[in-house]
Amino acid sequence: MNVPVMYVIGLASVVFTIGVVGVLIRRNAIVAFMSVELMLNASNLALIAFARSIPGGDGHVIVFFVIAVAAAEVAVGLALIVDIFKLRHSIDVDEMSSLKG
Amino acid sequence: MASDLVLFFFLAVIAIATAASVILSRNAVYSAVFLVLNLATVAFFYILLYASFIAMIQLAVYAGAIVVLFLFVIMLLGADRGESGGTLPWQRPLAIGLGVLLVGLLFYLFVAAGPFPAPAASDLPPGFGGPEAVGSLLFADYVIPLEVTSVLLLAAMVGAVVLTRAERKEK
């Protein structure tokens, strides 16, 4: 694709910001978690675009590791959400306030 | 060049629309389905940027495994209902304003950092981004991080099992 790398970086910035806003405005913990995945995905896209600009293949390896770590993170995060749901019968993040001083 | 730009903007509109739908859908199941669409569109971009191996990994791991895990937990918890109105009325407008600020700042930074010239496709080494190129890097230069990743995945698996097992009776 002969599109300037800059355009892909711009797209990744927009998708990343949508993920940030999603974490800020949603109170359903699962949807907030999906927004984190959107952010990881946007940063992967930026890395791949830079790897196109500086050929060498190291960018692809870093994205591979990011995807592997994201898989581990999702497994533990969803287990935590299931645990919280068993305890409180809700996954609304506004109700998880028992540590509030 | 022109057809590439048309394809890029077509896919970019799909990527942004599906990302916005993920965070705006009332029902968490719809969010998960839009997340699959977004991940698949990004996989298209990976192919267009000569990262074919990463595109396949993206489809298999993200769209295949991770989203299925999300859907499974949504179904398990029955958490596909609406949500409370929230306790802070100014949170949403503030979040959207800060988001606009963030995207403006990112654009400014990247435009200032330069146009990032990319070599022509014919100048790329043969097999760039394919399984062989990425695999030989992974098992030669990055073999220790690769092993650490396998330990991390094992730890995550053990952690998920420990967190969700049924409570045993205390003696």
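Predicted model: local features only at pLDDT ≥ 70, side-chain atom pairs only at ≥ 80, totals over all residues.
A salt bridge is a side-chain nitrogen of Lys or Arg within 4 Å of a carboxyl oxygen of Asp or Glu. Select chain A and chain B and look for such pairs across the interface: the rule finds zero salt bridges there.

**Stop 1: the interface**

Keep both chains selected and colour the residues in contact. Chain A contributes 71 residues and chain B contributes 85 residues. The two chains bury about 7200 Å² between them, and 76% of that area is on carbon and sulfur atoms. Polar contacts do occur between chain A and chain B: the count is ten residue pairs, both residues at pLDDT 80 or more.

Helix α3(A) supplies the largest share, 23 residues. Sorted by class, this side of chain A has 49 nonpolar residues, 13 polar residues and nine charged residues.

**Stop 2: the largest nonpolar core**

Select the largest nonpolar core, which has 70 residues. Within this core, I30(A) and L45(A) are the residues with the most contacts. Both chains take part: the elements giving two or more residues are α1, α2 and α3 of chain A, together with α1 (2-24), α2 (28-48), α3 (52-77) and α5 (131-140) of chain B. As background, nonpolar side chains tend to be buried together in soluble globular proteins.

**Stop 3: N28(A)**

Go to the loop between α1 and α2 of chain A, where N28(A) is placed. Is N28(A) buried or exposed? Its relative accessible area is 6%, so N28(A) counts as buried, the cut-off being under 20%. Display the side chain of N28(A) and the backbone of I30(A): the side chain reaches the backbone nitrogen of I30(A) at 3.1 Å. I30(A) was met at the previous stop, as one of the residues with the most contacts inside the largest nonpolar core.

**Stop 4: F8(B)**

Move to helix α1 of chain B and select F8(B). F8(B) has a relative accessible area of 2% and is therefore buried.

**Stop 5: V69(A)**

Return to chain A and pick V69(A) in helix α3. At a relative accessible area of 42%, V69(A) is partly exposed.

**Stop 6**

Which phi does H89(A) have? The value is about 55 degrees, positive although H89(A) is not a glycine. To find H89(A), look in the segment after α3 of chain A. With 60% relative accessibility, H89(A) counts as exposed.

End in chain B, in the loop between α2 and α3, where Y50(B) lies. Phi of Y50(B) is near 65 degrees, again a positive value in a residue other than glycine. Y50(B) has 27% relative accessibility and so counts as partly exposed.

Definitions and conventions. Residues numbered from 1 in each chain as written. Chains lettered and ligands numbered in written order. Heavy atoms only, no water. Contact = heavy atoms within 4.5 Å. Buried area = accessible area lost by both parts, 1.4 Å probe. Polar contact = N/O pair within 3.5 Å; in protein donor to acceptor, adjacent residues only side chain to side chain. Helix = DSSP H or I, 4+ residues; strand = E, 2+ residues; numbered from the N terminus. Nonpolar A, V, L, I, M, F, W, Y, C, P; charged D, E, K, R; others polar. Buried < 20%, exposed > 50% of the residue type's maximum accessible area, 1.4 Å probe, protein only. Core = buried A, V, L, I, M, F, W, Y, C linked by side-chain atoms within 4.5 Å.
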